[in-house]
Amino acid sequence: RIYLFSPSPNKSTQKSEFVKSCNLIIDSTTGSVKSMKTNKYEWIDDHFFPGINSVLYVPGLDPEKFSTTHFEKNETIESGAVLIRHEIICTSEGSNGVKYIITQFNGLNMLLLSAVIDKKPIREKESVHIAFPFALKNVTTRIGIDDTLITPENGQLSAANKDFYSVQRWIDISEASRGVTISSPQCALFEAGRMIDERRSNHGEKLWKTDNSSSPLIFAYVM
């Protein structure tokens, strides 16, 4: 049998418009997403960190000594009716390179963000974090645990870890009228407010936090 396929004469062949959930601006220095706008809102606060999905490398114990990625090139690797995907190539201290992959879906109010790190085998103390600084005020940070949630302020035992949190499926940062939910299947630890300080400031030992609070700034604690 031979089958012939032809366009329907009753349907327009005009390409439909790709509807983005937000407008993005990539930082030309670091490769991070420094601006994410929807209608009247700017979602990213880039005053202290370059933007969201920003890989930070900390050599040693002091988180204030972090370095960011350095932009090399930006390519559109897929552009169709369903999705648009960008690949940003960067260099980074402590790695052979970092690749940011940003995917926007037609008509869906979501972003798919990936940070692929080709890590060097370094034996000295180091850490890697991914920053998400959001331009939100008076937020509540909700951390999904099993079929319930905790916040940095409530839901833990008195001696529980406050420097970072185990996130099972999602973490949500919301104010009264808007917010962001992050689902992270490949990074289970997050920090709220600041990166972990591992300096030995407590008689030769690390000083662990005894309390913490919700924050529009969170970090994925990669390693």
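# Strands, bridges and cysteines

Visitor: Which residue of strand 14 does threonine 140 stand opposite?

Guide: Threonine 140 stands opposite serine 174 of strand 14. The model is predicted: local features need pLDDT of at least 70, side-chain atom pairs need 80 or more, and totals for chains, interfaces and linings use all residues. Residues are numbered from 1 along each chain as its sequence is written, and side-chain values use heavy atoms, without hydrogens or water.

Visitor: What makes strand 11 and strand 14 a pair?

Guide: Strand 11 covers residues 140–145 and strand 14 covers residues 170–174. Strands here are DSSP runs of E, at least two residues long, numbered from the N terminus. Two strands pair if DSSP finds at least two bridges between them. Strand 11 and strand 14 have four bridges, so they pair, in the antiparallel sense.

Visitor: What meets the side chain of glutamate 78?

Guide: The side chain of arginine 85 does, in a salt bridge. That term requires a side-chain nitrogen of Lys or Arg within 4 Å of a carboxyl oxygen of Asp or Glu. Glutamate 78 and arginine 85 come to 3.4 Å, N to O, so they qualify. Glutamate 78 also stands opposite arginine 85 of strand 7.

Visitor: Are glutamate 78 and arginine 85 buried, exposed or partly exposed, and how do you know?

Guide: Buried means under 20% relative accessible area, exposed over 50%, and partly exposed in between (1.4 Å probe, protein chains only). Glutamate 78 is at 37%, so it is partly exposed. Arginine 85 is at 22% and is also partly exposed.

Visitor: What makes lysine 99 and glutamate 87 a salt bridge?

Guide: Their side chains meet at 3.8 Å, N to O, which is within the limit, so the pair counts. Lysine 99 lies in strand 8 (residues 95–105) and glutamate 87 in strand 7 (residues 83–91), twelve residues apart. Lysine 99 is partly exposed at 30%. Glutamate 87, at 14%, is buried.

Visitor: Why is the contact of arginine 194 and glutamate 64 called a salt bridge, and what does the pair tie together?

Guide: Arginine 194 lies in the loop between strand 16 (189–192) and strand 17 (217–221). Glutamate 64 lies in the loop between strand 4 (54–59) and strand 5 (67–68), so the pair ties together parts that are 130 residues apart in sequence. Arginine 194 is partly exposed at 34%. Glutamate 64 has 56%, so it is exposed.

Visitor: How many salt bridges does the rule give, and which residues are linked in a network?

Guide: The count comes to eleven salt bridges. Asp62, Asp197 and Arg199 are linked in a network of them.

Visitor: How many disulfides does the structure hold, and where is the cysteine sulfur nearest to that of cysteine 22?

Guide: The structure holds zero disulfides. For cysteine 22, the nearest cysteine sulfur belongs to cysteine 90, 19 Å away. A disulfide needs two cysteine sulfur atoms within 2.5 Å, so cysteine 22 is in none. For cysteine 90, the closest cysteine sulfur is in cysteine 187, at 18 Å, too far for a bond.

Visitor: Why are cysteine 22 and cysteine 90 called buried?

Guide: Cysteine 22 has a relative accessible area of 5%, which falls under the cut-off, so it is buried. Cysteine 90 is at 2%, so it is buried too.
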